[in-house]
Amino acid sequence: EGSLVSNGLSPGFGVVKLVQLQPDGLIVDGPGPGPTTSVYDASRRVAVDRLHISPRGIEATLPGGESVLDIHHLDHPGKAYDDDDLVCVGFSGHYEAMRGEFGEHMVDGIAGENIIIECEGEIWLDDLGETLTIENQDTGELATFKSARIAAPGVEFSRLCAQRPDDDVSGAELGEIWRFLGRGR
């Protein structure tokens, strides 16, 4: 069995604002010779009306009727990640902070989370407790997520933050970006 999560659902401290998936990874080969070999391509995210979440991961049905697996789904043929990263949740308050630090290009969901929750301020791992439950206000159906952990930012995403996706970012600058994004921001 699984759960459906769509826009407008509430986890108690906010409302689901965006649901999306990654049919393929967001890190792709770079444009050619130069200091970077791969880049972060946020255009590969697909916003959908609802997600179907099962113990194997996330899938969605596109408007044309095609069923698509998220890259983190256990049955995705291109899955190259750990088996404990099936669902990723982000918060609008974190994006407000990122826009303040890096610029307006940091739109909600650009980091590739599957679910963005609109909320006041920033939500940290300690605020979540051991589970996060999202309730469908129309049906009462619950989607409960356990074992939350923080996804560390990668070099490619950090270059996107710095608005230099194709350029090398120095060790000191990269460290500052990672400090800002740390703790789950």
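What radius of gyration would a compact globule with 185 residues have, and what does the chain have? A compact globule would have a radius of gyration near 16 Å, and the chain has 17 Å, which agrees. The radius is taken over C-alpha atoms, and the globule rule is 2.2 Å times the number of residues to the power 0.38. The model is predicted: local features need pLDDT of at least 70, side-chain atom pairs count only at pLDDT 80 or more, and totals for chains, interfaces and linings use all residues. Residues are numbered from 1 along each chain as its sequence is written, and side-chain values use heavy atoms, with hydrogens and water left out.

The C-alpha atoms fill a box of roughly 50 × 35 × 25 Å along the principal axes. The chain holds four helices and 12 strands. These are DSSP runs, numbered from the N terminus: helices are H or I with at least four residues, strands E with at least two. Of the 185 residues, 42% are buried. Buried means under 20% relative accessible area, exposed over 50%, and partly exposed in between (1.4 Å probe, protein chains only). Contacts, defined as heavy atoms within 4.5 Å, were also computed. Among those with a separation of 6 or more, 61% join residues 24 or more positions apart.

Strand 2 spans residues 15-21. Five of its seven residues are buried, so strand 2 is largely enclosed by the rest of the structure. Strand 2 pairs with strand 10 (residues 115-118) in the antiparallel sense, over four bridges. Two strands pair if DSSP finds at least two bridges between them. V15 has E118 of strand 10 as its bridge partner. Strand 2 also runs antiparallel to strand 5 (residues 46-48), with three bridges. There, Q20 is bridged to A47.

Helix 1 covers residues 92-102. Its buried residues are S92, G93, H94, Y95, M98 and F102. They pack against strand 9 (89-91), strand 10, helix 3 (155-161) and helix 4 (171-181). Just after helix 1, G103 takes a positive phi of about 125 degrees.

Q163 lies in the loop between helix 3 and helix 4. Leaving aside neighbours within four places in sequence, Q163 is in contact with F102, G103 and H105. F102 is one of the buried residues of helix 1. The C-alpha atoms of Q163 and S54 are separated by 35 Å, and the two residues lie 109 residues apart along the chain.
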